[in-house]
Amino acid sequence: MRLDGIHHVTCITADAPQNLDFYTRVLGLRLVKKSVNQDDPTVYHLFYADERGSAGSDITFFEYPGAEPGRAGAGMIHSVVWRVGSVKALDFWAERLSAEGHIVTPAHESLRFVNPEGLAHELVVAHVADEPLIADHPEIARELALQGFEGVRAYADDPEARTGPFVETLGFERVAPDVWETRGPGRGGWIAYDTAPDDQGIPGAGTVHHVAWSSTMEEHEAWRRRVAEAGGRPTPIIDRFWFRSIYFREPSGVLFEIATLGPGFATDEDPAHLGEKLILPPAFEHLRAQVEPLLTPLPDPRATWSRANA
């Protein structure tokens with residue numbers, strides 16, 4: 001069994017309207033599901049991805065209005081790494097992000113920046129045969145758009161001794177110093193570990209909550225057994241309606257999820273209208289009258305697209 005790269009990355013925001021604007025208008029992703037945190041249905045869970053809502057492109061956010069800014073530390077992911085198709089695409093993003101007031105830091109075939117709440121992102125030129133996972137956007141040509149996840153970067157004190165053997169048991173391969181990759185039949189993705197800063201991490205706005213890796217539905221229970229046999233402490237399988245999940249912490253403390261490739265976001269919405277309205281899984285629909293008034297009103301980010309541009 002091999003995990004099929006990154007399924008999604010879940011983060012925290014204190015400002016859903018600003019978050020929506022940045023990830024849809026600026027970065028060009030599609031809002032594919034507007035729902036609630038199933039462990040705390042009084043707050044949003046927003047999902048941004050490619051046009052189809054594909055695993056491998058899906059960055060998600062819990063909104064806790066007014067949450068204090070967080071700080072990544074040991075046992076936390078500090079950067080989300082995306083693929084683009086070329087150096088020309090990096091030049092496009094450097095210009096676009098700079099025009100929006102973001103500081104960009106270019107390097108060889110890469111570009112770093114932070115979102116409005118301080119969460120670090122990196123764009124890298126893709127050198128894999130994986131399908132590009134692209135969202136439509138009137139201002140961003142497809143050949144310049146984000147193409148899904150490349151990997152994530154985390155902080156740890158001694159990943160070689162502690163985390164490396166654990167993730168290798170899960171089928172990850174060491175491909176560079178402190179970098180472990182998993183590649184399944186469809187996609188690949190990696191996690192890199194950097195030396196942890198002296199300051200302790202603080203969960204909050206602008207931090208990553210967890211990274212999820214992709215599994216088939218058929219192999220999901222076998223993955224839970226493998227995690228337990230490797231010394232992890234996985235949760236029971238949790239039905240999130242659009243996918244099924246198990247959660248556990250790897251030895252450095254990073255929260256991992258293994259999520260299934262399906263049923264998918266089109267299970268309860270027309271694919272042409274993903275993300276346009278608040279969707280609650282069936283088990284939460286009875287809470288709509290209670291939770292909807294608590295959520296920050298959000299526009300449909302595509303409502304203003306003209307037919308000519310769309």
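These legends go with close-up views of a predicted model.

**View 1. The second largest pocket.** This pocket has a volume of about 250 Å³. Look for His7, Gly53, Ser54, Ala55 and Leu261, which of its 21 lining residues sit closest to the centre. Sorted by class, the lining comes out as nine polar, seven nonpolar and five charged residues.

**View 2. The largest cavity.** There's one cavity of 30 Å³ or more in the structure, and the largest cavity holds about 50 Å³ of space. Its lining includes Thr24, Arg30, Asp136, His137 and Trp305. The class tally here is four nonpolar, three polar and three charged residues.

View 3. Asp21 and Arg25 pair up through their side chains, at 2.7 Å from N to O. The two are four residues apart in helix H1 (residues 16-26), so about one helical turn separates them. Asp21 is partly exposed at 33% relative accessibility, and Arg25 is partly exposed with a relative accessible area of 33%.

**View 4. Glu51 meets Arg30.** The closest N and O atoms of this salt bridge are 3.6 Å apart. Glu51 comes from the loop between strands E3 (40-49) and E4 (58-63), while Arg30 belongs to strand E2 (residues 30-37), 21 residues apart. Arg30 is buried at 5% relative accessibility, but Glu51 is partly exposed at 21%.

**View 5. Glu139 and Arg96.** Here the closest N and O atoms of the salt bridge lie 3.0 Å apart. Glu139 is in the loop between strands E8 (120-125) and E9 (149-156) and Arg96 is in helix H2 (residues 87-99), so the bridge ties together parts 43 residues apart in sequence. Arg96 counts as buried, at 13% relative accessibility.

Note on methods:
Residues are numbered from 1 along each chain as its sequence is written. This is a predicted model: local features need pLDDT of at least 70, side-chain atom pairs count only at pLDDT 80 or more; totals for chains, interfaces and linings use all residues. Side-chain values use heavy atoms; hydrogens and water are left out. On a 1 Å grid over the protein atoms alone, a cavity is a set of points where a 1.4 Å probe fits but cannot get out, and a pocket is an open set with protein on both sides within 12 Å along at least five of seven lines; lining residues have an atom within 4 Å of a point. Grid points are joined across faces, edges and corners, and a volume is the space filled by probe spheres set on the points. Ala, Val, Leu, Ile, Met, Phe, Trp, Tyr, Cys and Pro count as nonpolar, Asp, Glu, Lys and Arg as charged, and the others, Gly among them, as polar. A salt bridge is a side-chain nitrogen of Lys or Arg within 4 Å of a carboxyl oxygen of Asp or Glu. Buried means under 20% relative accessible area, exposed over 50%, partly exposed in between (1.4 Å probe, protein chains only).
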